[in-house]
Amino acid sequence: MSSTMPDHLPTSIPPSDIHLPAKDWERVLDAARKSRSPNTKAAYRTYLSAWASHAAKRGVPARPAHPAAVAEWLTSLADERKSISTMHVARAAIAAAHREAGLEDPTSTELVRRVLSGLAREAARQGRRPSQVKGLTGRDLRQILAHFDPPGGPPPSRIVLRDLALVQVMRDGLLRRGEAANLVWGDILRVDDGSGRLTIRHSKTDPEGKGAVMYLAPATVAALERIRPEDAPADRAVFGLSGSHLSMRIKTIAKRAGLGPGYSGHSCRIGMAQDLAANGATLAQLMTAGRWTNPTMPARYTRNQAAANNAVAQYYQQLTLLNSHAR
């Protein structure tokens, strides 16, 4: 068996038992390839290449892979101090490659599941818990605005104005960095009361492009108006930044405003989720606002805020209120 692991469907030749012209089969494969985002495909390609290299060194087939061989590779990644999230992506890449080739998924076995669970438990015991990007909260935003655009101060440069608008739009829309990078002026609508509506045409969790409409505060709309070119065509990019460049700008302005390190392109999304949770938003409301399809991440991002609103916190708040009335 070959040790190579392509990240695409196995062949451009139609199955022998189906009479399809090659060009029609290629259309089928092309549609299937588009089911994953470019970032996912790039990540899978990286891990499949690493797995193929590891399998070759061990003298075992990369495809079809044996569950024990996959489990051994995952333990070797742990020895290299790779994160548990990295191991899960690596496992997903192998699983996808096997399913697309019509082969049994070697990562779905009890052995691989138990190995991953054991590695996660050991990482937690050693204190190697997944690191979390800092959330850029409303308080952080006020500090950034006070630093770069204080009342009565000189007008900020156009680059700073763009960065300030970027942070506010990403917070209001709970945008992922790819969503912010893809925004065009036609996606933004100003409403009579001064607020705005932001259309997200497609995203990581919306591969079919159904879209979503988000609220923009009047202050955010005003920030956008300060950078909007005259007669800007609807298809012109709002920020003109790639996802990685966008992340770098947020990191830079946070540091320059005195917030310190730990911020990234994900910080605005996390920070707004934390503010909403602190304001009493339910997990279901957070999932809707952030377009999460799974509660795991929003629950993780907002666990400190959720604790401040749980039953024990409410008990003590009520007790304090009763004591104040009794005095």
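Mentor: Before we start, a quick definition: an angle here runs from 0 to 180 degrees between N-to-C directions, with axes fitted to C-alpha atoms. Keep in mind that this is a predicted model.

Trainee: Thanks! At what angle to S3 does H9 run?

Mentor: Helix H9 covers residues 218-225. H9 lies across S1, S2 and S3. Its direction relative to S3 is about 95 degrees.

Trainee: Which helix has the highest confidence, and which the lowest?

Mentor: For the protein, the mean pLDDT is 87, with 90% of residues at 70 or more. The highest confidence belongs to H9, at 97, and the lowest, at a mean of 74, to helix H1 (residues 22-33). Residues 1-10 have pLDDT below 50, and this stretch has 30 contacts beyond near neighbours in sequence. So, to name the helices: highest is H9, lowest is H1.

Trainee: Which strands stand at the edges of the sheet?

Mentor: The sheet is open, has three strands in the order S1-S2-S3, and its pairing is antiparallel. Each edge strand has a single partner, so one side of it is left without a neighbour in the sheet. Those strands are S1 (188-190) and S3 (212-216).

Trainee: What is the bridge partner of Leu189 in S2?

Mentor: S1 and strand S2 (residues 196-200) run antiparallel and are joined by three bridges. In S2, the partner of Leu189 is Arg197.

Trainee: Which strands does helix H7 touch?

Mentor: Helix H7 (residues 158-173) packs on the sheet, and its direction makes about 125 degrees with that of S3.

How values were computed. Residues are numbered from 1 along each chain as its sequence is written. This is a predicted model: local features need pLDDT of at least 70, side-chain atom pairs count only at pLDDT 80 or more; totals for chains, interfaces and linings use all residues. Side-chain values use heavy atoms; hydrogens and water are left out. pLDDT is the predictor's confidence in each residue, from 0 to 100. Helices (H or I, at least four residues) and strands (E, at least two) are DSSP runs, numbered from the N terminus. Contact means heavy atoms within 4.5 Å. Two strands pair if DSSP finds at least two bridges between them.
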